[in-house]
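Take a moment with the picture before reading on.

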Amino acid sequence: MQCQRCERDATFHITDLVDGKPNELHLCEQCAQTFLSPSDEEAAEVMPAMAGLLAQHLAVGETADQLARLDQRACPICSITFLEFRKQGRLGCPHDYVFFAEELEPLLLNIHDQTHHIGKVPKRCSQGADQQTQLIRLRREMKEAIATENYEQASQLRDEIHGIEDQSQTTDSQTTDSQTKGEA
Amino acid sequence: MQLDDLASSSGEWLKGTGPESDIVISSRIRLARNLADFPFMSRTTEADRAEIEKTLHSHVTALQESGKFPRETLYFNVGELEEVDRQFLVERQLISREQAEGEGARAAVIDPSERFSVMINEEDHLRFQVMHSGLDLGSTWQQINELDDLIEEQATYAFSNKLGYLTACPTNVGTGVRVSVMLHLPALVITRQIEKVFKSLQKINLAVRGLYGEGSQAMGDFYQISNQITLGLTEEELTKKVADVVPVLIDYERQAREFLVRESHDTLHDRVSRAYGILRTAQTISSEETMHLLSSVRMGINLGLISELEIPTINKLFIHTQPAHLQKLSGVELDKSDRDVERATYLRRNLNSNKPGDPTQN
């Protein structure tokens, strides 16, 4: 893909939010740096809030490099990178909100003007959140183990998954039991 | 009850009852939820999707068996449906276009009254909605909140204390709630006030969409107003934000109608009568033209310019003349030109009869 500002190849894909509407920008490294650099007058004029906030976090001059590194980091649970998220606009798993917390914060501010939930909370406690995240990761690893014909590892992973599932089912039924008793 | 029975019935939101139903078609609230122990849809494998569908299906069955969901609740594997049936559910606003066109295991759960429906494996694992006729957001929220509690007895949702319900797209995170009201605003369109209204709605973070949601054109002068923000406000506050603006819009539309009656009564009467005339006599007619003309007729009924028709009849025609509905009702597959002929026949039959909907008269 060609850079929208010059002849070079676009290696940066920026989702800029203008009045809450996403605007896709495809730029080469040099143009991305210009676009994200707060010292440049032209950039300042068109600087979107998200890129602006990102740029503030990063030292001028290192912006493009850092941004590239930032974009390549993959979530350990679902393996999505922030670059992939930018492209498709959909996250890969609940853990992404933790793993990409820093990157998502300016985006959330831009969309919602807020970063904290104050609404409904599920009655069921979410203590098991770590376990649930583990399950997503283990299932993915098991699939990969099967794909590479590493059956011994796959069967170990399967046992581990069953272990967590059984444990969480026991917890669930205990919760339900105590709720029922409480109601009675 | 099966899908074919839904076609001839008329769902909740077509009833034309409820407060302000001359202008407000329906009040709808949708919640987006995800299961905690699966990746979001974009990273699911085929096996994950099948597992999510199976898990949520078992929850629905459990709720039916315990009497918390009606026994006659319908369950469809959307992937196994014929294309015309999927399209039919989209036209009926029971599933989204995205789910109809999606891939892999996905399902729709539909309450026979059509007040409540669930999409499994759409953009999120679970998206469910409650829809009431007219302006009725308070009880719509109450009902969907109770349903959410029921489902939550079975499912563990992805939730964080800081960010609330976690969704595939950050635009839905927090409450996961989309509160929307569908309005019929023909006079604001005729008087060219509609753009101004939209701009002011955008300023207060409300979104405006057409009849079939994102990217759809405002067919038949129907507009959906909904909240854009889902984080940092409570569900009640978000509902109130939409609920507060609707009376203002109703008032604008009424003023525009009064203006038209006062300043150009004859032109308006002519417009309404011509629309009615074409709908009663045309031999072939497109869906777009039908929607456009029905919109004028609907306004004409509300203004007393047409006396022999009732709003529920017109509401029903808006939906029954959509492509998939026509094919379901006639029982045969029809290409575009055949549909246009069938649509004209259906309209003549329903609008020339003294008893609207009597299929024996043609």
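Helices H10(B) and H11(B) are roughly antiparallel to each other, because angles over 145 degrees count that way. This is a predicted model, so please read every value here as computed. The angle between this pair is about 170 degrees, and their axes lie 10 Å apart.

Which residues bring the two together? From H10(B) come Met291(B), Leu294(B), Val297(B), Arg298(B) and Ile301(B), and they meet Ile311(B), Ile314(B), Leu317(B) and Phe318(B) of H11(B). Sorted by class, this contact has 8 nonpolar residues, 1 charged residue and no polar ones.

Now turn to another pair in chain B. The axes of H2(B) and H5(B) come within 9 Å and cross at roughly 115 degrees, and that makes H2(B) roughly perpendicular to H5(B). Their crossing is right-handed. Here His59(B), Ala62(B) and Leu63(B) of H2(B) meet Leu150(B), Ile151(B) and Gln154(B) of H5(B). This contact counts 4 nonpolar and 2 polar residues, with no charged ones.

Here are both pairs side by side:

Finally, the two chains touch. How many residues does each chain give to the contact? Chain A gives 33 residues and chain B gives 34 residues. On the chain A side, helix H7 (101-112) and helix H8 (129-147) each supply at least two residues. That side of chain A has 15 nonpolar, 12 polar and 6 charged residues.

Terms used. Residues are numbered from 1 along each chain as its sequence is written. Chains are lettered from A and ligands numbered from 1 in the order in which they are written. This is a predicted model: local features need pLDDT of at least 70, side-chain atom pairs count only at pLDDT 80 or more; totals for chains, interfaces and linings use all residues. Two residues are in contact if their C-beta atoms, placed from the backbone, lie within 7 Å. Helices (H or I, at least four residues) and strands (E, at least two) are DSSP runs, numbered from the N terminus. Ala, Val, Leu, Ile, Met, Phe, Trp, Tyr, Cys and Pro count as nonpolar, Asp, Glu, Lys and Arg as charged, and the others, Gly among them, as polar. Axes are lines fitted to C-alpha atoms, for helices over the stretch in contact, and angles run from 0 to 180 degrees between N-to-C directions. Angles under 35 degrees count as roughly parallel, over 145 as roughly antiparallel, 65 to 115 as roughly perpendicular and the rest as oblique. A crossing is left-handed if the near helix is turned anticlockwise from the far one by less than a right angle, and right-handed if clockwise.
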